[in-house]
Amino acid sequence: MNSWLAVSNANAGTSDEEVIARALSALREVADVDHVATEDPDDLAAALAKHPDVDLVVSMGGDGSLHAVVQALHDAGRLPGTPVGLVPLGTGNDFARTLDLSTDPVVAAHDLANGSVRPIDLILDSTGRVVVNAAHVGIGAEAAARAEPVKPALGPIAYVLGAISTLFSRSADVHVTIDDRTLSGRVAQVAVGNGRFVGGGGELLPHAIVDDGAMDVAVAFAARLPQRIAYALHLRRGTHPGADFVHYTRAQSVRVEGEPVRCTTDGELSDPRREHGWELHAGGLAMRLPD
């Protein structure tokens with residue numbers, strides 16, 4: 001029988017623990033499954049080190065949890081040799097949407113148990129961080145940064161207010177090199193990814209395919225307020241790839257250089273930097289997915 005390791009968040013609430021128990025029962029119908037609840041990246045790395053020969057690591061959580069598992073396996077040099085599975089338990093579950101996984105964690109566990117392993121693409125940024133779903137610089141990352149201080153008091157509306165405030169901010173002057181072509185100007189946003197959705201269902205990269213051997217890229221040259229408003233409306237409708245001020249393509253590598261901008265990588269925010277870069281690794285991640 002196969003040996004699997006399931007990883008969940010040690011800070012899960014009682015209701016999540018009940019769902020995790022039911023999902024583990026579904027996984028154990030086809031494999032010997034050890035379960036560990038980890039608190040931080042060091043804890044996760046230690047758990048993986050104690051299970052060097054498992055046939056599958058199952059992330060039981062949201063996009064952040066999946067990113068953490070894939071990052072830890074990458075840092076340990078275990079990709080793509082150690083396949084990864086996903087039982088979505090988060091609030092956003094954006095990559096699970098791209099994979100068309102069930103929103104019911106127990107059903108998703110049953111589907112995973114009866115699935116098979118196949119290669120999908122993986123993106124690495126210039127700092128060695130993995131991008132499983134998507135990364136973007138510009139107004140989305142800036143909105144998240146502005147929302148952070150008031151999020152405890154205002155909840156989800158904090159991001160809305162942060163997004164509105166970015167409409168009136170100055171666009172960054174950057175050079176965007178997509179493979180061997182460079183575009184220059186003031187951009188509202190540059191996004192790269194292997195998944196279609198961000199922010200709990202917003203379709204940022206609507207044409208992305210997880211195993212097509214390329215990352216999707218969207219560059220929005222929305223420097224003026226009317227263009228920024230138009231871009232926001234296009235984003236809501238998922239029609240921005242056809243907008244005349246948006247360059248949408250596929251690529252193997254992307255580099256952004258110029259004025260300092262923040263980046264959001266699989267939902268995690270970074271400080272402003274003058275240079276950001278990403279490179280696609282075709283088949284760099286193996287995932288067990290429903291057939």
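Predicted model: local features only at pLDDT ≥ 70, side-chain atom pairs only at ≥ 80, totals over all residues.
Residues are numbered from 1 along each chain as its sequence is written, and side-chain values use heavy atoms, with hydrogens and water left out.

Let's begin with the sheet. Six strands make up an open sheet in the order E14-E13-E10-E7-E16-E17, with antiparallel pairing. E14 and strand E17 (268–269) are the edge strands; each has a single partner strand, so one side of each has no neighbour in the sheet. Strands (E, at least two residues) and helices (H or I, at least four) are DSSP runs, numbered from the N terminus, and two strands pair if DSSP finds at least two bridges between them. Strand E10 (residues 189–193) pairs with E13 over 5 bridges, in the antiparallel sense. Look for Gln 189, which sits opposite Ala 220 in E13.

Next come the salt bridges. The term means a side-chain nitrogen of Lys or Arg within 4 Å of a carboxyl oxygen of Asp or Glu, and the whole structure has 7 of them. One joins Asp 216 and Arg 250, at 3.3 Å from N to O. Asp 216 belongs to strand E13 (residues 215–220) and Arg 250 to strand E14 (residues 246–251), so this pair ties together parts that are 34 residues apart in sequence. Are these two partners buried or exposed? Buried means under 20% relative accessible area, exposed means over 50%, and partly exposed lies in between (1.4 Å probe, protein chains only). Asp 216 is buried, at 0%, while Arg 250 is partly exposed, at 39%.

Another salt bridge links Glu 257 and Arg 255, at 3.1 Å from N to O. Salt bridges that share partners also connect Asp 212, Asp 216 and Arg 250 in one network.

A further salt bridge lies within a helix. Arg 97 and Asp 94 have their closest N and O atoms 3.6 Å apart, and both belong to helix H4 (residues 94–98), 3 residues apart, or about one turn of the helix. An α-helix has 3.6 residues a turn, so residues three or four places apart point the same way. Asp 94 is buried, with a relative accessible area of 5%, whereas Arg 97 is partly exposed at 35%.

Now follow helix H3 (residues 63–75). Its 13 residues reach 18 Å from the first C-alpha to the last, close to the 18 Å expected at 1.5 Å a residue; the expected span is 1.5 Å times one less than the number of residues. Among the buried residues of H3 are Leu 66, Val 69, Val 70 and Leu 73. Just after H3, Gly 77 takes a positive phi of about 70°.

A cavity is a set of points on a 1 Å grid over the protein atoms alone where a 1.4 Å probe fits but cannot get out, and lining residues have an atom within 4 Å of a point. Strand E4 (84–88), helix H5 (105–113) and strand E18 (273–289) each give at least two residues to the lining, which includes Leu 86, Asp 111 and Arg 288.

Technical notes
1 Å grid on protein atoms, 1.4 Å probe; cavity = no way out; pocket = protein on both sides within 12 Å on 5 of 7 lines; lining within 4 Å.
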